[in-house]
Amino acid sequence: MRTAVPPGEHTKVQTFEPRAKAAPCPHLMWRDLRGHHKVKLALRSTLLGSASGVSVVITDTTVSRLHAEIELREDGVWIRDLGSRNGTFVEGVLVSSARVADGSKVKLGVTELTVVYDGEQQPPELWPEESFGPLVGRTPVMRALFAYLANIAKADSPVLIQGETGTGKELVAQAIHEASPRVDRPFVIVDCAALPESLIESELFGHAKGAFTGATTARTGAIEAADGGTVFLDEIGDLPMSVQPRLLRALESSTIRRVGETSRRKVNVRFLSATHRDIRTMVNAGAFREDLYFRLAVLPVTVPPLREHLDDVPLLVERFLPRGVAASPELVSQLTKRPWLGNVRALRNFVHRAAVMGAKEALSFSDTAAEGRPIPSSRTAPPPSLVPTAGGPAPIPPSDFESSAFDADFKRFRETWIDAGEREYVRRLLARHDRNVSNAAREAGVDRTYLYRLIRKHLL
Ligand SMILES: Nc1ncnc2c1ncn2[C@@H]1O[C@H](COP(=O)(O)OP(=O)(O)OP(=O)(O)O)[C@@H](O)[C@H]1O
C-alpha cells in the first residue's frame, strides 16, 4: 500500500488549438430471439454480447456473454472479438479485430448484424488546457480524455482504467482523485500484481491480531485506510480468483471484514482500478468474475498508446527533462517517429537515460530495448543532442558512460543504471530458463508476480 505523492506543478501553456475530428455515427441492425432491433451506436466504445450488463444485448445462446467490442474511430467503425467462444466474422471472414465498412455484415454466433454508417457523431468535447492535474497532452485524443476525466471525477461510481503498460493509467487515477470532491482525503494505491496471494487479502481488508501466523498486531487494510477518499487497485487483472468474491462484496455493500474478524466495518471509498489486460477476454476465459467486472467498470476509461498521440512527444520530453535542459529539435523530431512500444514510460526512461548517458547512447539503448529503430534516414544524421536553455546549467556531455554518467544528478544516475542492470539481469535469467517464469523466479528468489512485472516493465 502506498499513499500518493502530492500533485506537482502543472503548466497551462496554450499554444496549439486542436480540433477533434468527428467519428462516424452508425447504427446496428439485427434479428435475434427477441425479434428485430435497430440501435444507434453513439458511444466511442460499445460492448456486444448476451450478458445483461453489456450495452447491446444479443439474445442468442451462441453469442458469448461479452462477445465483441465496437469502437468508433476517426477512420471508421472497428470491431474486436473478446475471445468469444464462436468467434466474430466480418463478411464471412473470422477476425480478431477489423474495420467494418458501411453496409457490412458482422456475424456473432449465428446472429447476423448489419452496420450502416449514417451521419457523423458530434465531435467530442476537448479540455481547454494542455494539462489535467499531473497529466500533460495537447493532442485532440488527450484533450478529449481530459474532458471525460473531468466529468467522471465529479461522480462517485467505480472507474476501470484500461490501456497498455506505461500509458499513464496510474497518473489518470491520481488525476481523477485530485479533481474529485475526495481530494482532501487519502488516495491509497494497492498493486495487486506485486503481492503474493497469501498477503493480498490482508493488504486490502486488514487483519485482526492473531488472524494467522505472524499477525502479531492488528492491521488496517488499504480500503479502510482510504475511508472518505479513493482506493486505486492497480493491475486488477492480477487479483486472484479467491479474493474476487470478497472485493465484490465490499463494492456492493460498502463494508469490509478484516481477516480473522467476524463483524463488518462500514467504509466510504471510491474505487478506481486499472489493468493493462483486457478483462473482458479474461471473463470469457473464466479467469475473472463477470459480476465483479461489471461492478468495477461502471465508468470505463481507455488511455491511448503513445503511438496514437505522437504529437504529444515534445510536450512530454519537456516535462521529463531536468529544469534548464532542452532537447534539440532534431532529437525531438526523431523521438516523434518512434513506435514507443513501452509508451510514455519508455519515453520518460529514454529522456532520463539521455540526460545521464547522452542522447546517442540513449538512442542506441532504445534500439535494443524493444522500442524500435528510428526511421532509416535519421540514422545517418549526426547524433542529436540535449542542450542547455539560456541561463540553464552546462550541457550534459553526450556519449560514453565514463565521461558523462558520473557528472549527472546522482538520483538520476542511480535510477538509470539500476534500470539498465535490472533489465539485463532479467533478460539473462529468462534466457537461462527458456522463459519458464516459475523456474526463473525460483532461481532469482523473487515472487513470480514480481518477475512478471519486471518482464512487462522492460518489455522482455
Ligand atoms: N500524459 C502524461 N503526462 C505526463 N506524464 C505521463 C503521462 N502519461 C504517463 N506519464 C508518465 O509515464 C510513466 C508511466 O506512467 P504510469 O505508471 O501511470 O503508467 P501505467 O499505465 O500505470 O503503467 P503500468 O501498466 O505498467 O502500471 C510515469 O512516470 C508517468 O508519470
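## A walk through a predicted fold

The structure is a predicted model, in which local features need pLDDT of at least 70 and side-chain atom pairs count only at pLDDT 80 or more, while totals for chains, interfaces and linings use all residues. Residues are numbered from 1 along each chain as its sequence is written.

**The chain as a whole**

The secondary structure comes to 15 helices and 25 strands. Both kinds of element are DSSP runs numbered from the N terminus: helices are H or I runs of at least four residues, and strands are E runs of at least two. Of the 460 residues, 35% count as buried. A residue is buried if 20 or more other C-beta atoms lie within 10 Å of its own, exposed if 12 or fewer do, and partly exposed in between, with C-beta atoms placed from the backbone. Sequence separation tells another part of the story: among contacts between residues at least 6 apart in sequence, 65% join residues at least 24 apart. Two residues are in contact here if their C-beta atoms, placed from the backbone, lie within 7 Å.

**Strands side by side**

Back to the strand that we started with. Strand β7 belongs to an open sheet of five strands, whose order is β5-β4-β6-β7-β10 and whose pairing is mixed. Two strands pair if DSSP finds at least two bridges between them. The edge strands, β5 (56–57) and β10 (97–100), each pair on one side only.

Between β6 and β7, a hairpin makes the link through two residues. Elsewhere in the chain, strand β19 pairs with β16 and with β22. Here are these strand pairs together:

| Strand pair | Residues | Bridges | Direction |
|---|---|---|---|
| β4 and β6 | 45–49 and 68–73 | four bridges | antiparallel |
| β6 and β7 | 68–73 and 76–81 | six bridges | antiparallel |
| β16 and β19 | 187–191 and 230–234 | five bridges | parallel |
| β19 and β22 | 230–234 and 270–275 | four bridges | parallel |

**A covered strand**

How many residues of strand β19 are buried? Five of its five residues are, and the strand is described as mostly covered. In a regular strand the side chains alternate between the two faces of the sheet. In β19, Thr230, Phe232 and Asp234 sit on one side and Val231 and Leu233 on the other, and both faces are covered. Two of these residues can be followed into the neighbouring strands: valine 231 is the bridge partner of valine 188, and phenylalanine 232 has leucine 272 of β22 as its partner.

Next comes glutamate 235, in the loop between β19 and α5 (244–253). Its phi is near 55°, a positive value in a residue other than glycine. Is glutamate 235 buried or exposed? It counts as buried because it has 24 C-beta neighbours inside 10 Å. Tryptophan 340, in the loop between α9 (329–335) and α10, also has a positive phi, near 45°. Tryptophan 340 is buried too, with 25 other C-beta atoms within 10 Å.

**Around the ligand**

What surrounds the ligand? There are 18 residues around it, and the closest are Gly168, Lys169, Glu170, Val344 and Arg345. Elements that give two or more residues to this shell are β14 (135–136), α2 (169–178), α8 (313–320) and α10 (343–357). A residue is near a molecule if its C-beta atom, placed from the backbone, lies within 6 Å of it. Sorted by class, the shell has five nonpolar, seven polar and six charged residues. Here Ala, Val, Leu, Ile, Met, Phe, Trp, Tyr, Cys and Pro count as nonpolar, Asp, Glu, Lys and Arg as charged, and the others, Gly among them, as polar.

**Two crossing helices**

Helix α14 (residues 437–444) packs against helix α15 (residues 448–457) at an angle of about 105°, with the axes 9 Å apart. Axes are lines fitted to C-alpha atoms, for helices over the stretch in contact, and angles run from 0 to 180 degrees between N-to-C directions. The two helices, α14 and α15, are therefore roughly perpendicular to each other. Angles of 65 to 115 degrees get that name, while those under 35 are roughly parallel, those over 145 roughly antiparallel and the rest oblique. On the α14 side, the contact is made by Val437, Ser438, Ala440, Ala441 and Ala444, and on the α15 side by Arg448, Leu451 and Tyr452. By class, this contact has six nonpolar residues, one polar and one charged.
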